[in-house]
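Let's take a walk through a protein together.

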Amino acid sequence: MASATKIQLVMDIIDGALYDRSKPWDAAFGRAEALTGMSRFKVLLSIVLVTSVLLVYGASAEVASNAIALIYPAAMTISLTTSPPIWRKYDRVSAATEAQNEKFTYWMTFTAILIVESLFRPLLQLLPLYQMCRTWFFIWCFAPIRDNGSAYIYDAIIRPRFELSVDDLD
């Protein structure tokens, strides 16, 4: 498959997801599309571009990165206290349990990253584009997909460090 065809396929998948009424971002992108007159894909690209610029230049980089890493996950966590997500395809109890586990793994991963960051802050500040990479990493961690970054990190790194074997319990 040619590169242009692959790029178009990815763009079509993203565009389809942006117009999927069962997704939690449908209302926000619908309002943005109505206000700007741009397609949802162009709105998404604009958001990515502005965010990228904020994450590269100046003192706003750390503030923007922290805001992105906290605001959406916090809003989703708070929404779990009022009702389970209705965009899941199965019963409400299972949906609520899965959503709570997703948020739990995100907050565990977020906390672990903050601890590691505090230990290596002087070195990390020397890395070019660190805040942008950090932000995209957190977006991957809280992305509303089954195998997002926090699930991977929690299963591969965090949980094995804290699991007790049967012999330890005796």
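The paragraphs that follow look at helix packing, then charged pairs, then the surface.

This is a predicted model, in which local features need pLDDT of at least 70, side-chain atom pairs count only at pLDDT 80 or more, and totals for chains, interfaces and linings use all residues. Residues are numbered from 1 along each chain as its sequence is written, and side-chain values use heavy atoms, leaving out hydrogens and water.

Start with helix α1 (residues 3-18) and helix α3 (residues 40-56), whose axes lie 9 Å apart at an angle of about 100°. That makes α1 roughly perpendicular to α3 (the word covers 65 to 115 degrees). Helices here are DSSP runs of H or I with at least four residues. M11, I14, D15 and L18 in α1 meet R40, F41 and L44 in α3, where contact means heavy atoms within 4.5 Å.

Now follow R40 to a charged partner. R40 forms a salt bridge with D26, with the closest N and O atoms 2.7 Å apart (a salt bridge is a side-chain nitrogen of Lys or Arg within 4 Å of a carboxyl oxygen of Asp or Glu). This pair links distant parts of the chain, since R40 sits in helix α3 and D26 in helix α2 (residues 26-36), 14 residues apart. R40 counts as buried at 7% relative accessibility, because buried means under 20% relative accessible area, exposed over 50%, and partly exposed in between (1.4 Å probe, protein chains only). D26 also pairs with R21 at 3.9 Å; D26 is buried at 10%, whereas R21 is exposed at 72%.

Finally, visit helix α5 (residues 92-124), which holds L123. L123 is exposed, with a relative accessible area of 56%.

Note on methods
Helices (H or I, at least four residues) and strands (E, at least two) are DSSP runs, numbered from the N terminus. Axes are lines fitted to C-alpha atoms, for helices over the stretch in contact, and angles run from 0 to 180 degrees between N-to-C directions. Angles under 35 degrees count as roughly parallel, over 145 as roughly antiparallel, 65 to 115 as roughly perpendicular and the rest as oblique.
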